[in-house]
Amino acid sequence: MAKASDISAIPIMTSNTTPSGIVSASSEFSTSYQAWIVFGQTAKNAYWCSKYREGSSWLSYEFPQAKRIIRYSILMESGVAYAPFNWTFEGFDEASGTWIVLDTRTEVSFVINIKQLYDFNNDGFFKKYRINISKGSNTDYTYISKMEMFEPLPEKRAVLQNPTTNQHYSLSDNTLIHLPDNSNKNMLSHGIKQGTEVQLNVPFEKTKYILDTNEAIGNGKVFRKAIESTQVPIKKASINIEKKLTVISETNNKSLDLIKIFSDNITDTYKSTITSSWVEIDVKLEKVALTLESVDVYIDNSSNANQPYGFEILVGGVKIAERLSSGTGGSFWDKSSTTNIPVPFEKQQINSNSIQIRILASSDSRYPLMIPHITFYGTSSNHTALIFHNNAYKKYDSLWKVVTSTTPTEIDYLNGNTVSELSKIPISAWQEINGTIELFYYTNDSNKSEAQFDIETEPFSVYDYIGELPTIVAYTESTDDIIVSTNVEPFDIYDEFGESVEVLYYTDDETVTNADLILEANWSPIDELEGDFEVVTWTEESPETAQRVLDMKAIPQPQFVKLVNPKRVYGSLDDVFVNDISQSYRDEARYFIGGETPNKWYVWNKNDKRFVVADASNTQKIMLNGMTYKELNNITDMQWRTWTSEYINIGMFIVDNLRDTIKTIVEEISFEDYLPRDTTIIKNTSLYILNTTAKIDISFDANVLKGILSDDDLTRVQYRVLLNNAYYYPADGSFTKLGESPQNFELAIGSKDIRIEDWNTLKVEFQDFFGTTDYWSTQFMGTFSGLMFKDIYGQYYSSEIGEVLQYLDFGVIIAGQTTIEHEVILKNQYGYAIKDIHLYANKSNFPTGMTIEFSTSQSPFMPQPDLKLGSVLKNNEEMSFFIRLKTELGSTPDANGSFDIIVRADKA
């Protein structure tokens with residue numbers, strides 16, 4: 001929360017309109033109790049008073065310009081009998097013409113002549129503010145002696161904008177914060193604060209997504225964010241929710257200063273006048289708390305004599321926690337200075353907005369009891385999450401479980417993971433789901449307008465998001481200049497001015513008519529010559545003796561150098577190392593990787609995690625796209641092994657400058673192969689055969705497992721299949737017989753052996769003649785194979801072998817009538833496309849006078865005795881058709897009759 005100014009934003013008013021702004025109220029009892037008096041320097045007992053028994057009332061002030069108010073104060077000087085009791089503090093939104101509630105207070109107790117301050121969060125700017133009093137302490141009148149409104153101290157914030165994507169970011173504690181936009185609200189809430197130094201050239205391991213849009217569902221709302229886990233590998237995910245519970249009143253001890261005890265200022269402690277052995281405070285929370293998770297008590301140990309002996313927390317008269325002093329006599333707490341003392345207890349389900357605090361007094365009754373500062377933490381709303389992956393909404397409970405495969409209902413969200421459970425999902429579980437992951441956050445907190453998703457991930461460079469030259473967007477609430485200081489890589493003045501500058505000289509000396517500019521530089525008259533030139537010498541010596549050697553020192557032009565003959569890579573590339581000992585204040589040399597032909601150059605792309613083609617057509621493109629020697633040397637051995645070419649070439653761009661501040665020196669470039677393949681070593685007439693591990697190429701689709709098992713050394717191979725950690729083929733757990741390599745196999749897995757609509761694990765173990773073993777495994781969602789009938793809710797009518805799972809129920813059919821149309825969904829789960837689809841019914845069991853009609857549309861329904869479709873239905877595609885039954889008068893009744901719908905098709 002921003003810090004408020006100590007000076008009221010409202011001037012000292014002398015009328016309802018002077019010196020500036022407009023004061024108004026719902027009513028004024030008389031001219032002696034006008035509204036402006038609340039904001040003026042009037043006599044001590046002067047005040048604004050509403051009309052007699054007005055009921056609800058309000059008092060407002062309109063600023064000449066919109067302002068951001070974050071605190072207000074109320075002072076009662078003439079007693080508290082007619083003070084406000086319940087109210088809201090509101091700002092007027094001119095765009096919508098409505099009042100926006102910014103702060104809510106109920107059952108407030110005032111102490112005479114004590115100014116009470118009320119802080120609240122507000123990112124909006126309004127011209128008009130008001131206190132809207134729904135109930136006073138007395139039904140006759142409501143009055144206020146003095147009131148002030150306070151702005152925040154001027155704030156300056158900044159965010160970074162990627163000039164290419166226009167995406168806005170903020171930074172905090174090695175966390176990259178993704179912002180929806182650069183609105184005032186987002187700048188104030190998440191921008192980089194004035195005076196904060198953020199280091200960019202270090203690995204970032206956390207990212208935060210700020211979401212300010214949601215979709216309403218039932219009694220709550222849903223925030224959603226899609227994350228590409230191949231680019232942002234999730235190690236931990238959490239959702240930031242406010243757990244501090246707001247106290248709005250205490251009902252049984254009006255003599256205590258509630259504002260101090262439960263205020264946001266943790267250093268507020270209150271010395272009461274109570275000398276009894278204990279005091280009990282009945283606390284009322286702003287909202288019903290579903291859970292109570294912790295209570296913090298702030299103790300001022302500067303005076304041991306009047307400290308409490310202990311605390312008890314009660315809900316509904318039942319004690320749920322206590323914290324007693326560890327000392328005896330005059331020493332009550334172990335700490336020697338002020339400290340936050342947690343009251344330990346397990347999280348409690350309370351479903352209440354009433355809590356009792358019993359504070360036990362010290363044994364020394366000579367001193368009044370010190371009432372500490374108390375803070376409650378818990379939840380007042382439901383906060384749950386679902387993870388959408390592979391067309392299913394999931395939760396994690398020891399393993400990933402599907403909650404629903406259709407659009408979630410509010411019940412589905414409530415059955416998801418709690419926010420606490422989400423933060424405890426292990427990294428191993430996140431690694432099981434790859435690709436696009438979408439996080440859905442549900443809450444029924446009506447005040448929740450923004451969600452924050454916190455993701456811990458692998459280290460990354462912030463420049464991958466903000467770009468190399470981000471735009472700095474600044475926000476300020478003052479008229480002072482904004483100065484942004486950056487620490488960058490070393491540079492010299494020519495980097496800013498270019499290679500040539502124009503020097504302007506000013507003097508107010510009227511006698512000066514010209515000026516001399518003296519330059520000290522690495523310069524020679526030859527520098528003035530453009531292009532090629534010849535050096536001609538003359539001498540009187542004879543040609544036999546006139547021998548001269550031309551010694552010339554020069555700075556080479558920037559040049560692109562590559563190997564004349566690319567190097568052959570006999571194994572997997574393991575490492576390329578550049579020994580760059582350039583003498584410069586920054587890395588100017590650029591490096592590229594090439595293959596056998598010089599027409600394409602590559603660099604390592606950190607985002608795509610692969611080698612990509614780079615434009616090296618001119619100097620500007622080379623400097624922009626090339627790698628520095630540090631980037632080249634930082635490519636790991638696993639990344640080098642993705643280089644697929646059989647040859648390796650290195651391209652170097654070498655540059656110096658005229659000022660000798662950049663001297664590029666590359667001593668050597670070396671590379672290493674990793675485990676050369678396909679080699680046979682013959683030594684001392686002994687033959688050594690290098691055994692290689694068998695390899696397998698497998699596909700699994702439509703419940704059919706297909707594979708090719710091979711071994712590079714051509715030894716015989718064998719395999720076995722496990723389904724859900726049980727031996728499937730061969731059933732006894734043995735391997736198949738050793739067969740020649742390569743070996744093709746195909747295995748159909750029946751739906752009766754798998755878990756339908758649940759996750760299954762399929763594993764293939766294989767080995768060669770020497771017993772070297774490896775395996776392949778996958779997880780898949782169990783489903784039927786073939787052409788399947790489903791209802792509109794996705795439930796199957798029958799299995800792949802015709803086993804009835806549910807009936808298409810037409811109910812009671814009256815002779816002479818036509819039934820309503822029923823939609824049936826046909827889904828292709830063969831694993832390949834089909835064509836020439838024929839849908840018809842087995843009418844052998846039909847009673848006389850009954851016919852079945854098919855149609856590809858419901859409106860209009862175009863009746864046909866069967867359906868013949870010439871279109872192609874691809875794998876996993878669905879199509880709908882409609883059927884109805886038609887009867888004639890006098891049709892033979894047939895109780896509980898049934899018939900089959902049959903589909904046939906050809907492979908496309």
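My entries follow in that order.

**Ground rules.** I am working from a predicted model, where local features need pLDDT of at least 70, side-chain atom pairs count only at pLDDT 80 or more, and totals for chains, interfaces and linings use all residues. Numbering starts from 1 along each chain as its sequence is written, and side-chain values use heavy atoms, with hydrogens and water left out.

**Overall make-up.** I looked up the secondary structure and found 10 helices and 61 strands in the chain. Helices (H or I, at least four residues) and strands (E, at least two) are DSSP runs, numbered from the N terminus. Of the 908 residues, 39% are buried. Buried means under 20% relative accessible area, exposed means over 50%, and partly exposed lies in between (1.4 Å probe, protein chains only).

I then checked contacts, meaning heavy atoms within 4.5 Å. Among contacts with a separation of 6 or more, 74% come from residues 24 or more positions apart. The chain exposes about 51,700 Å², and carbon and sulfur atoms supply 48% of that area. Accessible areas come from the Shrake-Rupley method with a 1.4 Å probe; for residues, only the protein chains shown count as cover.

Most peptide bonds are trans, and most residues other than glycine have a negative phi. I noted exceptions to both.

- The Thr-18 to Pro-19 peptide bond is cis, with omega near 5 degrees. Pro-19 sits in the segment before β1 (22-25).
- The Tyr-729 to Pro-730 bond is also cis, with omega near -15 degrees. I placed Pro-730 in the loop between β51 (726-729) and β52 (743-748).
- Asn-174 has a positive phi, near 60 degrees. Its loop joins β12 (168-172) and β13 (175-179).
- Asn-724 has a positive phi of about 55 degrees. I found Asn-724 in the loop between β50 (717-723) and β51.

Are these two asparagines buried or exposed? Asn-174 is partly exposed, at 38% relative accessible area. Asn-724 counts as buried, at 17%.

I traced an open, antiparallel sheet of four strands in the order β55-β56-β60-β58. Why do β55 and β58 stand at the edges? Each has a single partner strand, so one side of β55 (786-790) and one side of β58 (850-855) is left without a neighbour in the sheet. The twist averages 30 degrees from one strand to the next. Axes here are lines fitted to C-alpha atoms, for helices over the stretch in contact, and angles run from 0 to 180 degrees between N-to-C directions.

Two strands pair if DSSP finds at least two bridges between them. Five bridges join β55 to β56 (residues 822-829), and this pair runs antiparallel. Leu-787 stands opposite Asn-828 in β56.
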